[in-house]
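I opened a new page for this structure today. Here is what I looked up, in the order I went through it.

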Amino acid sequence: MPAHGYAFALLTAAFFGAGAVLANRVTVDIHPLLTTELNLAIGAALLGTYLAARRRPLLPRGLDRGDWIRLGFVSVIGTGLSLALVVTGLSMTSPVNGGFLIQLQGPVAVLASVAVLGDRLRWWQTLGLTVTLFGGLLVVMRSPTAGLTSLRAGDVLVLLGALLAGLAYLPAKTLMDRVPPLQLSLWRLLPAALVLLPVLPLVPGRLRWHPDAATLTLQLVLAVTNFCLAYVTLHQALIRLRPWQTAGVLQLEPAFTVVISLVALALAPTPLQLAGGALMIAGGLAAHRPDHGAAHAKAGPPTPAEPLRNSQGSTR
């Protein structure tokens, strides 16, 4: 039922929206690279367990050498490195800023598809992308008088992470035709966790690790919700809805970030950030408006598509 699909999509947006707040809080007591490793490892373990319990194959089949190279890029660069940058950035900026700026991975993916694949944008997609980018600029500025001087190092890291996640969409799109969505999610997380693990001892200085029970609980909630449950609920949404419908609902993710930040941390965005965030959500909805002509030409039941976050990321 479509209603169930929208419910799953809203739940996914809530999981990802809360993730920015949880990562900001957890990295106070746990080094960003350590929490990144925990998120990747726990998420991969839970997804693998879920697939095994449903008697689904864990190892991708029928992939050629090019597919494995694409999978390596998506996992190590588009997921692992992207996530490390985003989590580190969230430890240095507000979750409100981070939650909005992560959304820029969508415009990056679209622009990359135009530049690399020669895709053509409809006028409403061009308008939506322009509005989204302008809204992102307002979020970074924070106030009319600050200009770009208010840009923080954390904002830059989140933007870089969103850039890598957006670029990874192109090889991930190719893999979607060969690898089931949840299996692809598993193989985005697992190699990234294995590659990051031996890097941790090489990081200069001592990696921060002094969590209390509350922080460990939040870390577990972050890993379970953003790196396992969100992929499952997203998959369920995509089974019941068309990809553009799911993508439209996921544009509400920053709204969940703002509400949770306000309730849990008493951290309110500035009026300019609220205006920029509203423009980003509106621009995202416009960019994901369906082409009704193409929809009529390709009428048929909705089909599962690649996780639109991951992400994610979402990047995640």
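**Entry one: glutamine 219**

I began with a side-chain pair: glutamine 219 and threonine 35 make a polar contact through their side chains, at 2.2 Å. (A polar contact is a pair of N or O atoms within 3.5 Å; within protein, one must be able to donate a hydrogen and the other to accept it, and residues adjacent in sequence count only if both atoms are side-chain atoms.) I noted that this is a predicted model, where local features need pLDDT of at least 70, side-chain atom pairs count only at pLDDT 80 or more, and totals for chains, interfaces and linings use all residues. Residues are numbered from 1 along each chain as its sequence is written, and side-chain values use heavy atoms, with hydrogens and water left out.

I found glutamine 219 in helix H10, residues 213–240; helices are DSSP runs of H or I with at least four residues, numbered from the N terminus. Is glutamine 219 buried or exposed? Its relative accessibility is 3%, so I put it down as buried (under 20% relative accessible area; exposed is over 50%, partly exposed in between, with a 1.4 Å probe and protein chains only). Leaving aside neighbours within four places in sequence, glutamine 219 is in contact with Val26, Ile30, Thr35, Leu38 and Asn39 (contact means heavy atoms within 4.5 Å).

**Entry two: arginine 55**

Next I went to the loop between helix H2 (32–53) and helix H3 (65–90), where arginine 55 sits. Arginine 55 is not a glycine, yet has a positive phi of about 55°. I also wrote down that arginine 55 is exposed, at a relative accessible area of 80%.
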